[in-house]
Amino acid sequence: MQIKATPFAQWLVQGDFYQLELEQEQLLFTSHKYQVSVPFDKWSGKVTFERGLIWGALCFYNRNEQVAWRVSGLPWEECDAIINAVLNAYADWKESKVLLLNQLQPQMIELIENFSANKRFLKQTEALMMVEKLYDLFEQTKISIPLAEQLQPDCIAPVIDWLTEPEEQLKVLNDNWLEEQKVEWKTFFSECESQPLNESQQSALLLNEDHTLVLAGAGSGKTSVLVARVNYLIQSGQAQADEILLLAFGRQAAQEMSGRIIDKLGFEIGQRVKVATFHQLGLDIIRHVEYQQPKLSCLVTDVKARKEWFVHVLDSEWKNATAMNRWKKHLKKWPIAYLRGDVDLREESHNEKLQEWLYKQICQLNSLQLDKKSIVEKIEFHPDVQRLKSELNIVWPFFKAYERTLKHEDAIDYESMITKAKAYIADNKYELPWSFVMVDEYQDISPQRLDLIEAICHTENKHQTKATLFAVGDDWQAIYRFAGADVSLTTGFEHRFQSTQIAHLSTTYRFNDQIGAVANRFVQENPMQLKKELNSFTKKKRKAVKVIEHQSIEKELLSLSKNIRDGEKVVILGRNHNHKPDSFDEWVKFYPGLNLEYNTCHASKGTEADYVFIVEMTDGQFPMKERAESLDTALLPHAESFPYAEERRLFYVALTRAKKKVWIVYHGKPSPFVQEIVDKDYPVIIE
């Protein structure tokens, strides 16, 4: 059915539609320039008639109650018939949609109720699958969500909520479940560790998203959360002990956590939880696939054998005139391991510094597992690209000789432990038993180690499911770029993985709030660090950070010796071993009650003391002056643009080793860090 303006009227109504046709579940409007097809779900069902002197007009309203389509120049006598026709057609259409909604509504509600009835943490991927099924059902109505809401506002409301705000609905379900678990496991949370778990610790360990990152500040109890989570998963029946994998970076940390788990669960259950370093895990996977213990190359295990190997390959390389000229040409422009100019290389094959430098380059190249062309591409835009290309040309023959030696020995090294294990998982040669993967000190993760984790978590296990990743770390304490760690894998966690959850451990039980006021503010001067609150459990009224010159250390030690309590410890920290004070051994003898120790800032990670002196906070010493990068360093994860970003985090680590008080010590010209603390009015005591 249609209605149209007379030819003369069409000529007069140039801007409006002049023809209306009623089609199947839609209206077709025609003007001189175009046609518009309007489905019934875009039209509100409202039409009004305007009577003019000669012709009439019909106005059709959208769902915002606004006139959206106007047909002009229509004969009066035909308007009533077309109005009745379109309204009857709309009423029939609306009734059919209501009927269809009523038919589909029980299925959609059942889908929602079944999903909501799961008494556990619900993942984003699970919610997405449910919403996709819900949407498939809803699409059968062939109407829009706003229209469905208008047609059946009450019975369809839960469906509309999930279709329009799935993240919010999922959050409500999970928040309710978390609160129920805290009540149900109240006694467990108060007794599972030496101290009751606080609110943020409880919330964190209950999470089980596909990828969870717990940002755990210094002294906030991350190890307690990891151990308690293992205990909870097993006791709640969510996991069997042998379905849990807990990865640590150091053997000591792995042994400590394994011991604590066995203490809590008993030996029979606790020893079934897989607690390992990345290298131990790699070895186990390789051994399982190859049915024998992998052989570790003597170049890795035997320092003497490695030295002899370098003597042999250096002598062989330098017998080649082309290779010798390549070295001489390089050394005339750039030094290597303190060698430069016209040095007689034939006498340097036993040079240990040269051997160490070459070994570092080889290890880095081996960890990347790239061909030479790809290595060149990685350094192409480095400001010192010509020197680095020259270094690559020098190192490459030794790297290939290293590969040949490993192949001849039928052996592996530390780098290939991880890459080979990952390859076996990717090729489905290793059946994965784990449903829960947990990683300690995640801020120290390297791309190669993360590749192994992703292979485990993104490959179906023997239960035809995929393991969840639960990572605990602190980007503020990322200090191992020189070992291949990439802090952006922590700060960019949400961008790397699709379904993620970020939690925070917001209370530190180590340092007081006066130390926190300095340390937390200082590390967050770098805008790339993740912003978070870290509140100190211990409150103090007096300032707890003091800036002094080096000659005042003995005066402070004397004062401390008169007030220190039995069992308290004093640690002196330096940027490196060379910063150990010359008088340190004398201080140890003179002040036995202080339990004095010296350590580097890097080695102090994971430790604590009552009082800490950070020495050599002197210009050029800490932060350390930036040096020209060798090839191995240039191939590490990209350095950050913020000045001294990692040195700033290292200073934060040093500050947060102390429970009660910190002395920042310099002599001569203070370092930029000391100057910043003084100039920006940090809450410190200045001598």
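Which helix holds Lys 182? The place of Lys 182 is α6, a helix that covers residues 166-184. The structure is a predicted model.

## Lys 182 and its surroundings

Lys 182 has a relative accessibility of 10%. Buried means under 20%, so Lys 182 counts as buried. Its side chain makes a polar contact with the side chain of Glu 199, at 2.7 Å.

What else does Lys 182 touch, leaving out residues up to four places away in sequence? Besides Glu 199, the list holds Phe 189, Gln 202, Ser 203 and Leu 206.

## Domain layout

## The cavity

How many cavities reach 30 Å³ or more? The count is 1. The volume of the largest cavity is about 30 Å³.

Its lining consists of Leu 215, Gly 217, His 504, Leu 505, Lys 532, Glu 533 and Leu 534. By class, that lining has 3 nonpolar, 2 polar and 2 charged residues. Where does the largest cavity lie? Domain 3 and domain 5 both contribute lining residues, so the cavity lies between these two domains.

## The second largest pocket

The second largest pocket has a volume of about 1,200 Å³. It is lined by 39 residues. Those closest to the pocket centre are Lys 222, Thr 223, Glu 256, Arg 510 and Gly 606. The lining divides into 12 nonpolar, 15 polar and 12 charged residues.

Which helices each supply at least two lining residues? They are α9 (222-235) and α10 (251-265). The largest share, 5 residues, comes from α10.

## Met 257 in α10

Helix α10 also holds Met 257. Is Met 257 buried or exposed? Its relative accessibility is 1%, so Met 257 counts as buried.

Neighbours within four places in sequence aside, Met 257 is in contact with Thr 223, Leu 226, Leu 246, Ala 248, Val 275 and Asp 440. Thr 223 is also among the residues closest to the centre of the second largest pocket. Met 257 and Glu 525 are 268 residues apart along the chain. Their C-alpha atoms are separated by 33 Å.

## Lys 546 in β16

Lys 546 sits in strand β16, residues 545-549. At 15% relative accessibility, Lys 546 counts as buried.

Which residues does Lys 546 contact, once neighbours within four places in sequence are set aside? The contacts are Glu 556, Lys 661, Val 662, Trp 663, Ile 664 and Ile 685.

## Backbone features

What kind of peptide bond joins Phe 622 and Pro 623? The bond is cis, with omega about 10°. Pro 623 belongs to the loop between β19 (609-614) and α26 (631-634).

Glu 65 has a positive phi, near 60°, and is a residue other than glycine. Its loop runs between β6 (56-62) and β7 (67-74). The relative accessible area of Glu 65 is 49%, so Glu 65 is partly exposed. Tyr 644 also has a positive phi, near 55°. Tyr 644 lies in the loop between α26 and α27 (645-655). With a relative accessible area of 30%, Tyr 644 is partly exposed.

Conventions: Residues are numbered from 1 along each chain as its sequence is written. This is a predicted model: local features need pLDDT of at least 70, side-chain atom pairs count only at pLDDT 80 or more; totals for chains, interfaces and linings use all residues. Side-chain values use heavy atoms; hydrogens and water are left out. Helices (H or I, at least four residues) and strands (E, at least two) are DSSP runs, numbered from the N terminus. Buried means under 20% relative accessible area, exposed over 50%, partly exposed in between (1.4 Å probe, protein chains only). A polar contact is a pair of N or O atoms within 3.5 Å; within protein, one must be able to donate a hydrogen and the other to accept it, and residues adjacent in sequence count only if both atoms are side-chain atoms. Contact means heavy atoms within 4.5 Å. On a 1 Å grid over the protein atoms alone, a cavity is a set of points where a 1.4 Å probe fits but cannot get out, and a pocket is an open set with protein on both sides within 12 Å along at least five of seven lines; lining residues have an atom within 4 Å of a point. Grid points are joined across faces, edges and corners, and a volume is the space filled by probe spheres set on the points. Ala, Val, Leu, Ile, Met, Phe, Trp, Tyr, Cys and Pro count as nonpolar, Asp, Glu, Lys and Arg as charged, and the others, Gly among them, as polar. Domain bounds come from an automatic or database domain assignment.
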